Amino acid sequence: MTDYRRLRVALLGAGAVGSQVAALLLKHGAELADRAGASLELAGIAVRDLDAPRDVELPRELLTTDPEPLLVGADIVIELMGGIEPARTWLLQAINAGADVVTANKALLATHGPEIFEAADQVGAQVYYEAAAAGAIPIIRPLRDSLAGDRVRRIMGIVNGTTNYILDRMDREGAEFADVLADAQRLGYAEADPTADVEGYDAAQKAAILASLAFHTTVPLEAVHREGITAIDAQMIEDARHAGYVIKLLAVCERLEGAGEGGDAISVRVYPALVDRSHPLASVHGANNAVFVEAEAAGDLMFYGAGAGGVQTASAVLGDVVSAARRHIAGGLGVAESTRANLPIVTIGHVTTRYQITLEVDDRPGVLATVAGILSDGRVSIATLEQTVVGSSDAAGAVRPDEEGTARLVIGTHRAREQDLSETVQRLADSGVVERVVSVLRVEGD
Ligand code: NAP
């Protein structure tokens, strides 16, 4: 057996991911040592409760409720506790003591990333976070290293498995949001409190991390426009299907050429959007994730796989641990996070996309002309228009109009500015001919 230099590894957290990381480190130690060029010695694992049930059995003597002694002299610290504190304090302590750190903590990086990267830069340490944006899917290294010679134009990510699972089942089964959510909670795909997932907070954290990397710009979480999926109902899914689309919760990070003063700007946003059924992202089913990257020279790339799961995420974490070990052995300074471009971040009002507007209107002469006039005055140009009568179907399938005489208009627009579009929709709502604005959805991916 090769006599490798020993590196002291401290693990903070032995939950869904941490317990798997510990088990794999112990099980595949010799193999990992050959790859890393160093022997990875697990010094201990900090937890809250020594007796808490674990997904895998771990040697009791490695567990401790006191992380301080573990951090002393550690070469690599792996943080898998989650949350902001005490994770932030312990990571900073580890960095300042000269350790390289590995974390999967998107909440921490999206809110305190600059502070942590700055601390690492000061001492020449490196922060690894492959698992923080899309679980097992390699996307951080591709953006940071493989595409370092290219220019990213746009990233569209399905980065939250829970919402993709819900929307996918609604699409397949025609079910309502609340029913699928309740089932997802029962099956363990959604948390008892699903807010972070269904309101888009988790996806927004990942969007901030991906956009910072892709555009070499510090993207604060507050700059990410966020909408969740709670307003999506079975009718909207059905209408989308009828028009050739599927609804996905997307994290969109986009370079807007010439939109900044004297240069480009970027937009970072999370919302449910219509995706053409022929787009690769439309075929991402269940709780899977995918990140679709459009680069200037490379063209379109898609990274697909498990966005969560203890053992799956442990794979990405261990990849980082091997990289950290190699760097530690090679010596030299870590590579600082590049935020040199520091592009301005525009608000959602400046974003341009296509839209699908669904309205219920009075079914009488002149209404269509009024609607078309309001859209045209608002600089929103119509690409497609479909009118159907609202009513009940008889046994033969023919629609009998309601007594009120209501028609449903589905308007597909050409690209329009969000600000123009929202003002125009307000004018439509106030026009007297629109009974109800049923939905306004953006179309992404073209
Ligand atoms: P988890 O199951 O909740 O485990 C958290 C672990 O940290 C537990 O072992 C807990 O100890 C320990 N811990 C928490 N607070 C502590 C404290 N103050 N002192 C000492 N130990 C403490 O979390 P997880 O799902 O493994 O996630 C870990 C990180 O990975 C999070 O940042 C998460 O966002 C990220 N991540 C998770 C997934 C996934 O699929 N789960 C995917 C991608 C990224 P006890 O066991 O004693 O309670």
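Where is the place of Ala 125? The legends below start there, and keep in mind that this is a predicted model.

**View 1. Ala 125 in its loop, with Gly 334 alongside for comparison.** Ala 125 sits in the loop that links helix H5 (106–123) and strand E6 (127–128). Is Ala 125 buried or exposed? Ala 125 counts as buried, because its relative accessibility is 7% and the cut-off for buried is under 20%. Now look for Gly 334: along the chain, Ala 125 and Gly 334 are 209 residues apart, yet their C-alpha atoms are separated by 5.0 Å.

**View 2. The residues around the ligand.** There are 22 residues around the ligand, and the ones that come nearest are Ala 14, Val 17, Asp 49, Arg 54 and Gly 309. Sort this shell by type and you get twelve nonpolar, six polar and four charged residues.

**View 3. Polar atoms facing oxygen atoms of the ligand.** Which part of Arg 48 lies 2.9 Å from a ligand oxygen atom? For Arg 48, it's a backbone N or O atom. Arg 54 uses its side chain instead, with a polar atom 2.6 Å from an oxygen atom of the ligand. Lys 106 also brings in a polar side-chain atom, this time 3.3 Å from a ligand oxygen. On its own the ligand has 900 Å² of accessible area, and the protein covers 77% of that.

View 4. Pick out Leu 385 and you're in strand E14, which runs over residues 382–389. Leu 385 is partly exposed, since its relative accessible area is 39%, a value between the 20% and 50% cut-offs.

Technical notes
Residues numbered from 1 in each chain as written. Predicted model: local features only at pLDDT ≥ 70, side-chain atom pairs only at ≥ 80, totals over all residues. Heavy atoms only, no water. Helix = DSSP H or I, 4+ residues; strand = E, 2+ residues; numbered from the N terminus. Buried < 20%, exposed > 50% of the residue type's maximum accessible area, 1.4 Å probe, protein only. Near = heavy atom within 4 Å. Polar contact = N/O pair within 3.5 Å; in protein donor to acceptor, adjacent residues only side chain to side chain. Areas by Shrake-Rupley, 256 points an atom, 1.4 Å probe, with all protein chains shown as cover. Nonpolar A, V, L, I, M, F, W, Y, C, P; charged D, E, K, R; others polar.
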